[in-house]
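Subject: Structure handover

Hi,

As promised, I'm passing this one over to you. Have a look at it first, and then read on for what I found.

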Amino acid sequence: METFAALGHGVVVALQPMNLLFAFAGVMLGTAVGVLPGIGPALTVALLLPITFKLDPAGSLIMFAGIYYGGMYGGSTASILLNTPGESASIVTALEGNKMARAGRGGPALATSAIGSFVAGTIATIGLALVAPTVVDVAISFGPEDYFALMILAFTTVSAAFGSSVTRGLTSLFIGLALGLVGIDLQSGQARLSFGIPDLLDGVEVTTLAVALFAIGETLSVAAAGLRAEEVIEPVKGSVFMNREDWRRSWWPWLRGTALGFPIGAMPAGGAEIPTFLSYALEKRLCRKPDEFGNGAIEGVAGPEAANNAAAAGVLVPLLTLGLPTSATAAIMLAGFQQYGLNPGPLLFTSNPDLVWGLIASLFIANGMLLVLNLPLVGLWVRLLAIPRPWLYGGILVFATLGTLGANPSLVELGMLLIFGLLGYVLRRYDYPIAPVVVGLILGPLSEQQLRRALAISVGDPIVLFQSPIALTLYALSALALFGPLIFYLITGHRAPVGADED
Amino acid sequence: MKHIVRGALLAAALALPFGAASAQVDELKIMAPAAPGGGWDQTARAMQQVLQGEKIVSNVQVMNVPGAGGTIGLAQFVNADKGDPSALIVGGYVMVGAIITNKSPVTLDQVTPIARLTGEYEAIAVPADSPLKSMEDLVAALKANPQKVSWAGGSAGGTDHITAGLIAKAIGVDPTKVNYIAFSGGGESLASILGGKVTVGISSLSEFDAQAKAGKLRLLGVSSAERLPEAKDVPTFKESGVDVEIQNWRMVAAAPGISPEQKKALNDTIAKMVNSQGWKDMLAQKGWANTYLAGADFEEQLAKDITATKAILKDIGLAQ
Amino acid sequence: MSDPNTPSPDRSARRGADKAGFAIAFGLALLSLVVGWDAWRLSQINVYSAIGPAAFPTIIAGGLALLAVATAVEAIREGALERPRDEPVPMAWVLGGLIGQIILLPFLGFSIATGWLFAATAKGFGRGPVWAHFLAGTAMCLVIYLIFAKGLQLSLPAGPIERLF
């Protein structure tokens, strides 16, 4: 039980009044910057990291943790209230969260997101402390062929966001896949679909596409609706906080989201997006009222938000045990560690136990601080929606372009924002779902790269794809996800609950 | 057409008339042609911190223009900051390759090189239980069947890929047959090496250092001219009979079209920075090696690197 | 994904084929051609690898072509759909705001360009006068600029106003 003593010591250090103040400042700053659409936690941390350099290691670590969690929560807040996801991992949150906010349930949506983040963060932190070495061995054993199988599983879950028509859903997905081709191909170094424009060589930024499709497309289609859409958003209907029903419906999604997020986040190429897709699809399958999905189901916020946060803690597993920075945020964290002469690697836990446990304790405290700070503010946040529409949408566009410019000050990027915004409008106008476009952009390149890596390593022998037990298990799960409802129907003669939203 | 319009707009955006053409440098704006957080950005921000902290230059601003291996920032810099004695750009060896593979209309010939600041060397690593014990074993395996040796490294056409190509070429193996697997992040490629998914890994030494010290990886060789102080027992490629030497350096350059006096003033400013205690502390803290090289020596080295890189990229099949 | 603001098309009315459906099918076919052409170009380049850079684009181009056909078939089978008319004027204001921002940004800087975006959007949503919103928007954006560019070192384009600070 040495671990717990070390963790306890870390918590005691982090709880000193001065350090709590740093955590507070970090959470505030992180939320303020993270709320900008297009600026996710990685960029937030990169921008604010210099502020922490001036403090002593303990104070700086805890402020850093605060900024990190603040940045993540800021992204979710923007997703839920303004439908402008700040980062790729909170795109799924926008789907149900914004529907809830428009129905006057923004308060419960923000609350389930904050509490879910806390629950997932806490469980994942304990997981990090107890099982990190075991988890990392399994995670490392994932080869490209296994990741490819994981991508296939993620693809099968996209259909959960398809809406009423398969043709339309697939069309959206393929538009996203085509956009994913843009830029330099990692394996061959060849430019694809770039037409000689240098700004396209790096491909389409996921956040630019998401902000354009969601925020700008939405603004255009609301403006086009003119008087037709003269409904006033009521910021609060019913309780501003979660009621009993909300609690009951949030618990399991939190736990399932954590169970998906932590291990996938710990995989070197797992990422935080895939667990959010999987969690959304899973909750939609398991939900007793599947017709609420697409209209503001709290499970669709609770699960993916927990998955997102658990994945963020999962990323620390390879970082702290092996020194592998497997995400942009982790890479910046690594830069942060190096400020204190700390070199994450296999020896970190033995050579610098104080700082490691201090960091874990800091994450814990920052997460708690976020909850304490933000729950009382939920009422204030949802008031944003009471701003008259001309100003609200004017402000949304100001912040959407600010976030895009801040991440990449280029006029071409703003041009893309405009073009994809028009695409978002057309998709909405003709009843095409938005989310599969973004999912295609994320999963397309990932799956292509993993498949090509696997086949390059095997020198072109496709058998390699079906040799590993991990890959076979994942394929079996995909098949179950695709054909499960059909089998259910054949056996029982009833339609599976998931079919309920098909017209 | 699009090019011209965009170029003109950017030129208009950035052609700020900074008057003072005196020898004294009291204002600098450093462009980091990368997103915040990366190596070039860190270099630019480290310079900012030291130049201001040591009171060498009172006002230093850093601006990020990410994209396409730094070539987007470089194009903007060349077009917009022409003749501006307060403008600097951070860059590095990666840019040399990116200019060639991206067919960038702007090249490093168009900027005024000031100095090389820091650099890292490439290293080859295998998992601890790999049958390859030395560089000689690797050479033998490559000669037997280059396709059976998979290399994990950064993006295609980058420093890692170039080094792998140079090694193949040096031992008389067809560089286009190198089975190079590109990974997007250091963590991902390291994981594939540790997991034994690939035969060897190639990256900068600092990426492998911690793993090697922990005994999880074995280093076969490094790309420096002499053995490195941080890895004394790792032979250089040359010692193992592979005639390859490469440094992944970072440099600072000034705008095109500045006068010799203005260039001298910038040279002096950077020299003052490199010699300051603040810069030494910064390098130590970041773990960067000081490979400062200025003036004609640097320009000569740069020209040599450009020629060699062009040749090898052509051999790998990434440039025409 | 039904949006409360854009009511679902009314499926009861069917007269002839759906023109919008055809237009979308045409767009998809065009996209498929562009992707397919790029894939063909890539397949000419000889790079050593088990699967080259052209394989995925080819599959995606094929998928897009199939979807174009499916969309056209659906447009005929489902017939014309009655969709509520969209108001062009408010949309034009919002688009004008975004395009204006891109044009003004290099010359006049973040605050003025984004102030215009705010004013034009507000006008599109029926709130004027434009000049008052422009002034208020510019002032607000200047404050934002000072916080993010000066306070947090975000690189935002500066114009005549920003250079005063």
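In the unreviewed UniProt entry, "transmembrane region" is the annotation given to residues 20–40, 47–73, 93–118 and 130–148 of chain C. Please keep in mind that this is a predicted model, so everything below describes a prediction.

Two of those annotated spans are worth a look. Residues 20–40 of chain C are 100% helix and 0% strand, with 30 Å between the end C-alpha atoms. Residues 93–118 of chain C are also 100% helix and 0% strand, but here the end C-alpha atoms are 10 Å apart.

Chain C as a whole has 4 helices and 0 strands, and the pattern along its sequence reads α-α-α-α. It has 165 residues, and 46% of them count as buried. If you take the contacts in chain C with a separation of 6 or more, 61% of them come from residues 24 or more positions apart.

You'll find C:Pro129 in the loop between α3 (88–124) and α4 (130–151). C:Ala119 is 10 residues away from C:Pro129 along the chain, and their C-alpha atoms are separated by 8.3 Å.

On to chain A. For this chain, the unreviewed UniProt entry lists "transmembrane region" at residues 20–49, 61–82, 115–140, 147–163, 315–335, 355–382, 394–427 and 470–491. Residues 355–382 of chain A are 100% helix and 0% strand, and their end C-alpha atoms lie 38 Å apart. For residues 394–427 of chain A, the figures are 91% helix and 0% strand, with the end C-alpha atoms 22 Å apart.

How many of the 14 residues of α11(A) are buried? The count is 11, so the helix is largely enclosed by the rest of the structure. Among the buried ones are A:Ile274, A:Phe277, A:Leu278, A:Tyr280 and A:Lys284. The buried residues of α11(A) pack against α5 (91–102), α7 (144–158), α10 (244–266), α12 (299–314) and α19 (435–457) of chain A.

On the α5(A) side the contact is made by A:Val92, A:Leu95 and A:Glu96, and on the α11(A) side by A:Thr276, A:Phe277 and A:Tyr280. Sorted by class, that contact has 4 nonpolar, 1 polar and 1 charged residues.

A:Asn83 has a phi near 60 degrees, a positive value in a residue other than glycine. A:Asn83 sits in the loop between α4 (57–82) and α5 of chain A, and it is buried, with a relative accessible area of 6%. A:Asp431 has a positive phi too, about 65 degrees, although it is not a glycine. Its place is the loop between α18 (411–429) and α19 of chain A. A:Asp431 counts as buried because its relative accessible area is 17%, under the 20% cut-off.

Then there is A:Thr122, which is in helix α6 (residues 106–140) of chain A. A:Thr122 is buried as well, at a relative accessible area of 16%. Which residues does A:Thr122 touch, leaving aside its neighbours within four places in sequence? They are A:Phe364 and A:Asn367.

Last, a brief word on chain B. Its domain assignment gives domain 1 (2–11 + 27–118 + 247–315) and domain 2 (120–222). The C-alpha centres of the two domains of chain B are separated by 29 Å. Their contact takes 10 residues from domain 1 and 10 residues from domain 2.

Over to you, and happy browsing!

Definitions and conventions:
Residues are numbered from 1 along each chain as its sequence is written. Chains are lettered from A and ligands numbered from 1 in the order in which they are written. This is a predicted model: local features need pLDDT of at least 70, side-chain atom pairs count only at pLDDT 80 or more; totals for chains, interfaces and linings use all residues. Side-chain values use heavy atoms; hydrogens and water are left out. UniProt positions are given in the numbering used here, feature names are shortened, and annotations may be inferred rather than shown by experiment. Helices (H or I, at least four residues) and strands (E, at least two) are DSSP runs, numbered from the N terminus. Buried means under 20% relative accessible area, exposed over 50%, partly exposed in between (1.4 Å probe, protein chains only). Contact means heavy atoms within 4.5 Å. Ala, Val, Leu, Ile, Met, Phe, Trp, Tyr, Cys and Pro count as nonpolar, Asp, Glu, Lys and Arg as charged, and the others, Gly among them, as polar. Domain bounds come from an automatic or database domain assignment.
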